[in-house]
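Here are some notes to read alongside the model. They take up the sulfur links first and then a helix.

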Amino acid sequence: MHALRYPRPSTTRTSRRRRRHPTGLGLLALAALLVPACSAQGASTAAGSTSTATAEAVLTPLPKATPSALAPYYTQRLSWRDCGVPGFQCTTMKVPLDYAKPKDGDVRLAVARKKATGPGKRIGSLLVNPGGPGGSAIGYLQQYAGVGYPAPVRARYDMVAVDPRGVARSEPVECLDGPKMDAYTQTDVTPDDQREKTGLVDAYKTFAEGCGADAPALLRHVSTVEAARDMDILRALLGDEKLHYVGASYGTFLGATYAGLYPQRVGRLVLDGAMDPSLSARRMNLDQTKGFETAFQSFAKDCVRQSDCPLGGRGTTPAQVGRNLKAFFGRLDARPVPTGDADGRKLGEALATTGVIAAMYDESAWGELREALTAAMKRDDGSGLLALSDSYYERDPDGRYSNLMFANAAVNCLDLPPSFDTPDQVARAVPSFEEASPVFGEGLAWSSLNCAYWPVAPTGEPHRIEAKGAAPIVVVGTTRDPATPYRWAQSLAGQLDSGRLLTYEGDGHTAYGRGSSCIDTAIDTYLLRGTPPAKGKRCT
């Protein structure tokens with residue numbers, strides 16, 4: 001389904017209403033066409049987990065002692081060098097391709113850091129991950145966390161990031177070139193007849209075949225469990241006894257998985273915009289569809305209060321706003337509008353839907369969305385919605401796509417069995433998705449089919465993460481979060497033996513560093529002093 005990546009906050013601590021709309025790295029990668037359910041990696045045999053394929057399965061901790069076969073990885077030396085970005089250093093580390101067979105080859109992971117600036121005693125290293133899966137942690141570190149996190153946090157921690165296996169600088173998975181991705185992102189995900197259903201299935205198969213041809217061995221070993229084990233090697237190489245970590249969106253699942261595998265090594269963990277690993281892919285897809293409807297309802301109520309809302313005026317109900325937008329999508333399905341794109345792309349239903357959903361992640365984008373919709377609906381100018389869609393897909397002006405969408409599918413399709421196996425299953429489920437979201441439901445149901453054609457069998461299953469014996473773990477949930485519904489944060493905090501739920505009552509995806517002084521103070525206090533928020537703490 002939707003990639004779950006942190007929208008980069010403004011580096012100024014202003015109100016949520018005033019913060020600047022993020023672009024590029026800052027946008028979450030939705031990829032309504034290509035991304036399956038947000039990942040909830042089941043526990044593999046190599047991770048020492050149970051084998052029961054039910055939501056009651058529990059991720060079992062690994063033995064405290066490091067296996068002798070992994071000793072060479074835990075004792076390698078890191079050679080730091082200048083990154084070309086002032087203040088940052090970079091290196092590479094080796095991890096086993098297959099933890100069950102560590103002699104079968106290595107994967108080289110890219111790592112970056114910015115050393116603690118002082119004053120104050122250094123606490124240790126603080127790993128950050130912006131989510132995805134597929135978001136570049138190094139890009140996030142260099143563009144935001146290493147310069148935009150609160151100065152007291154940067155003073156006392158070495159800020160560190162590692163791009164997970166298959167992502168960005170760490171042996172990235174590649175699937176399609178730019179022109180083929182352009183065609184892929186424009187594929188109709190609301191098929192009206194058998195011909196369009198066949199075209200959608202063919203697009204999924206072409207994408208999967210491209211990924212499988214690129215890195216067949218690596219594609220079997222990009223799971224969240226393996227990425228979490230990689231983080232433990234990095235922890236050791238950095239000289240830290242405990243892992244301190246801030247993960248957002250999918251990064252919460254990566255961090256929670258680490259806690260489940262190594263509860264005794266948990267330091268100060270912040271999981272912001274939390275996922276629920278106990279859910280099946282289909283349930284996650286349906287929950288997220290409801291989440292986007294919740295966000296759209298907030299947008300609709302705000303839109304009709306503005307003088308430039310093209311979907312209705314004062315007194316127009318959110319339901320009617322939704323029907324107006326759905327009708328606009330229908331017109332685009334029949335007649336795409338020009339965009340002025342150098343590669344000749346027009347704005348059809350697929351790209352327009354991506355652009356609208358992209359703006360649901362951050363309420364500061366609502367003004368931009370109104371302008372883009374007005375241009376497309378009243379002037380046949382689709383450039384604004386195309387720009388939102390391109391930022392979401394991480395497509396640059398030269399037509400090149402980042403590795404984000406490829407890595408996203410690779411991890412997700414390995415982490416959970418697919419939501420649906422056949423088009424007929426999707427067709428039967430469409431009414432339930434449309435009930436969850438009249439505007440987006442049909443497209444999100446069909447978007448959940450792509451993992452059915454993945455060239456590698458899934459290794460994960462739904463499971464609970466308890467991390468018994470771990471130090472307090474802060475789980476952050478936003479009440480109207482579109483991508484990671486609030487109930488997921490409630491569930492994860494309840495599963496974790498030491499989970500402490502921190503609630504933000506508001507809109508948008510994730511909460512830390514995005515304008516709430518209450519949230520920021522609570523998390524900063526935890527990171528600097530180790531004191532978690534009070535039980536039941538809520539912020540606005």
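1. Cysteine 175 sits in the loop between β7 (157-162) and α4 (178-185), while cysteine 211 belongs to helix α5 (residues 194-214), so the link ties together parts that are 36 residues apart in sequence. The two sulfur atoms are 1.8 Å apart. Both cysteine 175 and cysteine 211 are buried. Please keep in mind that this is a predicted model.

2. How many disulfides does a search of the whole structure find? The search finds five. With the bonded cysteines counted along the chain, the pattern of pairing is 1-2, 3-4, 5-6, 7-8, 9-10.

3. Another of these links joins cysteine 83 to cysteine 90, with an S to S distance of 1.8 Å. The torsion about its S-S bond is about 110°, so the disulfide of cysteine 83 and cysteine 90 is right-handed.

4. Are cysteine 83 and cysteine 90 buried or partly exposed? Cysteine 90 has a relative accessible area of 13%, so it is buried.

5. A further disulfide is formed by cysteine 303 and cysteine 309, whose sulfur atoms lie 2.0 Å apart. The link of cysteine 303 and cysteine 309 is right-handed, with 105° about the S-S bond. Cysteine 303 has a relative accessible area of 0% and is therefore buried. Cysteine 309, at 9% relative accessibility, counts as buried too.

6. The remaining points concern helix α7 (residues 250-261). What is its reach from the first C-alpha to the last? Helix α7 has 12 residues and reaches 17 Å, which is close to the 16 Å expected at 1.5 Å a residue.

7. Helix α7 is mostly covered, and 12 of its 12 residues are buried. Among the buried residues of α7 are Tyr250, Phe253, Leu254, Tyr258 and Leu261. The buried residues of α7 also include Gly251, Gly255 and Gly260, along with Ala256 and Ala259. Thr252 and Thr257 are buried in α7 as well.

Methods:
Residues numbered from 1 in each chain as written. Predicted model: local features only at pLDDT ≥ 70, side-chain atom pairs only at ≥ 80, totals over all residues. Heavy atoms only, no water. Disulfide = S-S within 2.5 Å. Buried < 20%, exposed > 50% of the residue type's maximum accessible area, 1.4 Å probe, protein only. Helix = DSSP H or I, 4+ residues; strand = E, 2+ residues; numbered from the N terminus. Expected span 1.5 Å × (residues − 1).
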